[in-house]
Amino acid sequence: MTDLDTFRAETRAWLEENCPESMRTPMPERETPWGGRNADFPNPDTKIWLDRMASRGWTAPEWPAEYGGGGLSKDEARILQQEMSRINARTPLASFGLWMLGPALLEFASEEQKKKYLGEIVRGEIRWCQGYSEPGAGSDLAGLQTKAEDKGDHYLVNGQKVWTSYADQCDWIFCLVRTDSSVKHDGISFLLIDMNTPGVEARPIKLISGASPFCETFLTDVVVPKENLVGELNKGWTIAKRLLEHERTMISAMGMGGGGAASMGGMEAMAKENFGEDGDKIANPAIREAVTNHKMDHQAFALTLKRAADEAKAGQGMGAAASMFKYYGTELNKRRFELLLDVMGTQALGWEGEGFDARELSITRSWLRSKGNSIEGGTSEVQLNVIAKRVLGLPDA
Amino acid sequence: MALVLTEEQTMLRDMAKQFFTEQVPVTNLRKLRDEESADGYDKAVWQQIVELGFAGILIPEEQGGTGFGPIGLGIVMQEAGRTLAATPLYSTAILGAGLILAAGSDGQKAELLPQIAGGELLTALALEETAHHNPKQVAMTAAQDGDQIILSGQKNFVIDGHIADKLIVVARTSGAAGDANGLSMFLVDAKAKGVTVTRTHMVDSRNAAMVSFDKVSIPAHDALGPLGAAMAELESVLDLGRACIAAEMLGGIEAVFDTTLAYLKERKQFGVIIGTFQALKHRAAEMFCEVELCQSVVLDALSALDERRNDVPRAVSLAKARLGDAARLISNEGVQMHGGIGMTDAVDMGLYLKRARVQSQLLGDTNFHRSRYAELGGY
């Protein structure tokens, strides 16, 4: 038996013993384990499962054990993932701290910062949000104006952030702030701010889908200790770019579609329900062609994600990966929902109440939400600029 | 299997790339065209290809080949596509060797495969009868007459038909056009009595022919595979051919994209490099994404063939359909982004554009394969 076989056997036994039965069922959205100071657990098993997994560092399997992570190798982490899938175990913790901030801290933060913040993230004690965009700095992110003035023993922060995900429910915010107004990219720093500090206020923004996943966050005379600066002063843009790559990779996965109602397998079945069958075929030839085209695009994209993963494993970099996947994945996702509207007709246009089932209503809201996918995390146009510049080497104007 | 090349396959690619770049550049095709070559291919180049082992790349070593399999074949075709190399690889090394390997008797294999690997035998597949690929629609008849078979009918778009020594003819021993059953394959000497081969001149300056069969009598033992049941073997080799053409198309679009990108970085208008214009940058970036997707679907189709996966037909149709669309987009953009010189014969863009349209029609265009993909998926 190899070490990995032993690891698999032990992991399987531990999961069998420690994963509560209700954590092996599909997760309703309201039970998503975001963690944080104000976390509520409508299902108490969610908390038990989080604590047990965090005690082994398995909410962040590959982070070093000294910072609370699992300290697993890539192979071990894959086995853990496989064993969790085997019993349909839910993810124990959903967190921007895990997905975005943590990897950046591991790379850029001081030893004290790693010790303080990474453990809190692993255990789901602190819920983080991202303070990047501003009303005047969207696609041109480096044009941000939120100012952090050096006041000797602290920074005084003033400004406004926008599109801060779930800021109204978060505990801390990682922010890009301007520490030098005489230069653009080289005047930006990366600062961590406790949302409980006086002067921080978050207001939810209502989207066209009716949901409010984002906020405006106002920062007025906020006092931030100097030790909350990550990396060097005025070198925050380097950290920001790295974080954006993590974010783009995360969002591009949406192109692969969620499970359930709107999943790929469902599209042709829905088309047959709505337009009838001619032999095995979708009876309406225009819809059949559109569905087929879409499924072929989807499969080509899935194969490209697989190839990128295989190449990464083989130690060959697939240059443009993050921007290309963000661009193609989000555009594909938007096309998918537009096609679902064509397939479902007026049944995809209900807002709430009688006449529409839960699946239909969920597709409608997801269609509206998908419009944001090609805007958030850098618009499609920005991704094309990034590919043109960094991959193709086309010159700036 | 991982969608990455092995070390051995990477070496093969590097060797093929160097060979086609140095020995068979695009000027080779221009020369054949401008000198109105009677053969339509360069015999010296073919001899080199034979010596490199590419002619027998599908054929096992014990029958004189190099046995690199479908991925190896695809790699060579991709590099050939990059320089528009006009060779009998498709007609002979892929379809000829493939069909004899799949359907031939032991005697046929022992006789013919070493000749193909050794460059002594050229073959051509006589399949199409209309302007659109559709194997089931074959109407040409093959009537049994004692121990003879009498072939009557007309074939078109027979690639390398006028240089082939042997034709592999698909004809009907029973059933009617539209039936999958009843098709048979025959090995017919190109010089047999009643066979008339007429070379056709296509836009891509590559070899194709019309072939008519006027009561051609051949011995029954020249059938390739059992009578009336050719469809399964034929389709499996057509899928190999389709994947290889998709690989060749991939090489073509990569060449067009690279050349166009280089032009965007060097051409100046309004006092600036035109590659600084966002209208062109975004189109270049979109083409880049398309090339990446094409690389994935081609490698997956070749891998499916290599591993004899049961989803070969779908993987192949995905690749052939996508490459058809991508080659149209990228060859058109290549001409457009080159501006005035793009529409002249002086630059190579037009050669790639013309070749892309012929490749797209070979063994089924995008519409054919999109429809097939849907049918195989049960919708």
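## Exercises on a predicted two-chain model

At 41% relative accessibility, Lys151(A) is classed as partly exposed. The model is predicted, and the exercises below start from this residue.

**Exercise 1.** Determine which side chain meets Lys151(A) in a salt bridge, and state how exposed that partner is.

*Solution.* 
Step 1. The side chain of Lys151(A) meets that of Glu149(A) in a salt bridge, at 4.0 Å from N to O.
Step 2. Glu149(A) has a relative accessible area of 30%.
Step 3. As background, side chains of opposite charge can pair when their charged atoms come close.

**Exercise 2.** Describe the salt bridge of Glu16(A) and the network to which Glu16(A) belongs.

*Solution.* 
Step 1. Glu16(A) forms a salt bridge with Arg24(A), and their closest N and O atoms are 3.0 Å apart.
Step 2. Glu16(A), at 39% relative accessibility, is partly exposed, whereas Arg24(A), at 16%, is buried.
Step 3. In chain B, a salt bridge links the side chains of Glu79(B) and Arg82(B), with 3.0 Å from N to O. These two residues are separated by about one helical turn, because they stand three residues apart in helix H4 (residues 69-82) of chain B. Both Glu79(B) and Arg82(B) are buried.
Step 4. Returning to chain A, salt bridges with shared partners join Arg8(A), Arg12(A), Glu16(A), Glu21(A), Arg24(A), Glu83(A) and Arg86(A) into one network.
Step 5. Over all chains, the structure holds 58 salt bridges.

**Exercise 3.** Locate Leu93(A), decide whether Leu93(A) is buried or exposed, and list the residues that Leu93(A) touches.

*Solution.* 
Step 1. Leu93(A) is found in the loop between helix H3 (74-86) and helix H4 (96-108) of chain A.
Step 2. The relative accessible area of Leu93(A) is 3%. The cut-off for buried is under 20%, therefore Leu93(A) is buried.
Step 3. Leaving aside residues up to four places away in sequence, Leu93(A) touches Pro33(A), Trp34(A), Gly35(A), Leu50(A), Thr59(A), Leu98(A), Ile121(A), Val122(A) and Gly124(A).

**Exercise 4.** Work out how strand E7 of chain A pairs with strands E3 and E6 of chain A.

*Solution.* 
Step 1. Strand E3 (residues 154-165) and strand E7 (residues 214-225) of chain A are antiparallel and pair over ten bridges. Within this pairing, Val157(A) stands opposite Val222(A) in E7(A).
Step 2. Strand E6 (residues 200-205) of chain A also pairs with E7(A) in the antiparallel sense, over six bridges. Here Arg203(A) has Glu216(A) in E7(A) as its bridge partner.
Step 3. The loop between E3 and strand E4 (172-178) of chain A contains Tyr166(A). The phi of Tyr166(A) is near 55°, a positive value in a residue other than glycine.
Step 4. For context, most residues other than glycine have a negative phi.

**Exercise 5.** Characterise the interface of chain A and chain B by its area, its residues and its salt bridges.

*Solution.* 
Step 1. The two chains bury about 3300 Å² between them, with 67% of this on carbon and sulfur atoms. Met296(A), Arg307(A) and Leu392(A) supply 20% of the area that chain A buries against chain B, more than any other three residues.
Step 2. The contact takes 41 residues from chain A and 38 residues from chain B.
Step 3. Between chain A and chain B there are five salt bridges. Arg370(B) forms a salt bridge with Glu289(A), their closest N and O atoms lying 3.4 Å apart.
Step 4. Across the interface, 19 residue pairs are in polar contact. H8(A) gives 17 residues, the largest share of the side of chain A that touches chain B. That side divides into 20 nonpolar, seven polar and 14 charged residues.

Terms used. Residues are numbered from 1 along each chain as its sequence is written. Chains are lettered from A and ligands numbered from 1 in the order in which they are written. This is a predicted model: local features need pLDDT of at least 70, side-chain atom pairs count only at pLDDT 80 or more; totals for chains, interfaces and linings use all residues. Side-chain values use heavy atoms; hydrogens and water are left out. Contact means heavy atoms within 4.5 Å. Buried area is the accessible area (1.4 Å probe) that two parts lose on being put together, summed over both. A polar contact is a pair of N or O atoms within 3.5 Å; within protein, one must be able to donate a hydrogen and the other to accept it, and residues adjacent in sequence count only if both atoms are side-chain atoms. Helices (H or I, at least four residues) and strands (E, at least two) are DSSP runs, numbered from the N terminus. Ala, Val, Leu, Ile, Met, Phe, Trp, Tyr, Cys and Pro count as nonpolar, Asp, Glu, Lys and Arg as charged, and the others, Gly among them, as polar. Two strands pair if DSSP finds at least two bridges between them. Buried means under 20% relative accessible area, exposed over 50%, partly exposed in between (1.4 Å probe, protein chains only).
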